[in-house]
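Have a look at the model first.

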Amino acid sequence: MTSSSIKNTDPRFIRSRGLLRDALLSLALDFRPEDIKIADLTRTAGVSRGTFYAHASTPSELLSDFLIEELSDNFSRISTLVHDETNQYLLRWRDIYIKLLHHVQSHAPIYRHIFLDKPESLALGYLTAYFRKEITNYVRGFVRYNDEPLSELWITMATEQQVHNTIVIITSWLETNMESSPELAMNTFMSLVPPWQLAKLSSDGRISLRRTRALHAMLNTRAGQPIERVNDVWNQRH
């Protein structure tokens with residue numbers, strides 16, 4: 001658990017956190033989080049080492065906290081996406097990721113250090129853990145509205161697939177020097193999006209994965225049945 005989850009209303013805590021934030025974001029423009037020394041950070045922020053440890057255990061953790069604090073108002077909306085507004089959920093999903101890329105763009109040098117520099121930054125692990133938490137809620141919300149029961153294996157695979165895709169979206173965009181706009185970058189990803197995320201919702205907000213039914217039918221087809229029959233089963237479901 002990172003320190004961003006700890007709510008502290010003490011004015012001294014809030015002031016020192018602001019000083020650390022400004023100093024850390026400045027230093028992180030030029031250095032990997034792991035290369036930022038606590039002594040340099042506290043000197044730049046004008047706070048003591050003890051004050052730093054009241055906020056985090058490492059600069060990587062603290063930097064992740066600050067970035068997550070900034071992006072969470074937008075990205076946390078993904079967890080209630082399906083049942084909040086069923087008719088527009090896919091467009092809103094795209095909009096959430098467009099705003100995420102705008103956030104990345106506003107801190108591009110920092111995100112380049114986190115996502116592209118080697119060895120891999122611990123900050124990437126903290127960010128990935130945050131994305132996983134929110135995306136798990138999103139996938140489980142999606143499953144609750146599905147017409148057919150989906151296994152824990154399906155939920156786990158879908159979650160990890162989307163977490164991986166989130167990292168891929170950011171990394172690929174940074175690797176191509178953000179030459180495409182966030183909107184165009186997401187349009188490109190939408191051509192690659194997993195089929196389950198493109199499932200249509202009915203007027204009552206239910207989700208029917210026709211592709212899932214077809215796969216079930218194929219898996220339940222009697223062993224030894226000609227492949228032509230399997231293809232017929234698939235085509236009948238489409």
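What follows covers a helix pair, then the aromatic pairs.

This is a predicted model, so to speak of local features pLDDT has to be at least 70, and side-chain atom pairs count only at pLDDT 80 or more, while totals for chains, interfaces and linings use all residues. Residues are numbered from 1 along each chain as its sequence is written, and side-chain values use heavy atoms, with hydrogens and water left out.

**Helix packing**
- Helix α9 (residues 152–175) packs against helix α10 (residues 182–190) at about 130°, with the axes 11 Å apart.
- On the α9 side, N165, I169 and W173 meet P182, A185, M186 and F189 of α10 (contact means heavy atoms within 4.5 Å).

**Aromatic pairs**
- There are nine aromatic pairs (ring centres within 6.5 Å; planes under 30 degrees apart are stacked, over 60 edge-to-face, the rest tilted).
- F75 and Y130 are a tilted pair, with centres 6.2 Å apart and planes at 55°.
- F75 sits in helix α4 (residues 59–75) and Y130 in helix α8 (residues 122–144), so this pair ties together parts 55 residues apart in sequence.
- F75 is buried at 0% relative accessible area, and Y130 is buried at 7% (buried means under 20%, with a 1.4 Å probe and protein chains only).
- Ring pairs also link F75, W93, Y97, Y130, F131 and F189 into a cluster.

Note on methods:
Axes are lines fitted to C-alpha atoms, for helices over the stretch in contact, and angles run from 0 to 180 degrees between N-to-C directions. Helices (H or I, at least four residues) and strands (E, at least two) are DSSP runs, numbered from the N terminus. Rings of Phe, Tyr and Trp (its six-membered ring) pair if their centres lie within 6.5 Å; planes under 30 degrees apart count as stacked, over 60 as edge-to-face and the rest as tilted. Buried means under 20% relative accessible area, exposed over 50%, partly exposed in between (1.4 Å probe, protein chains only).
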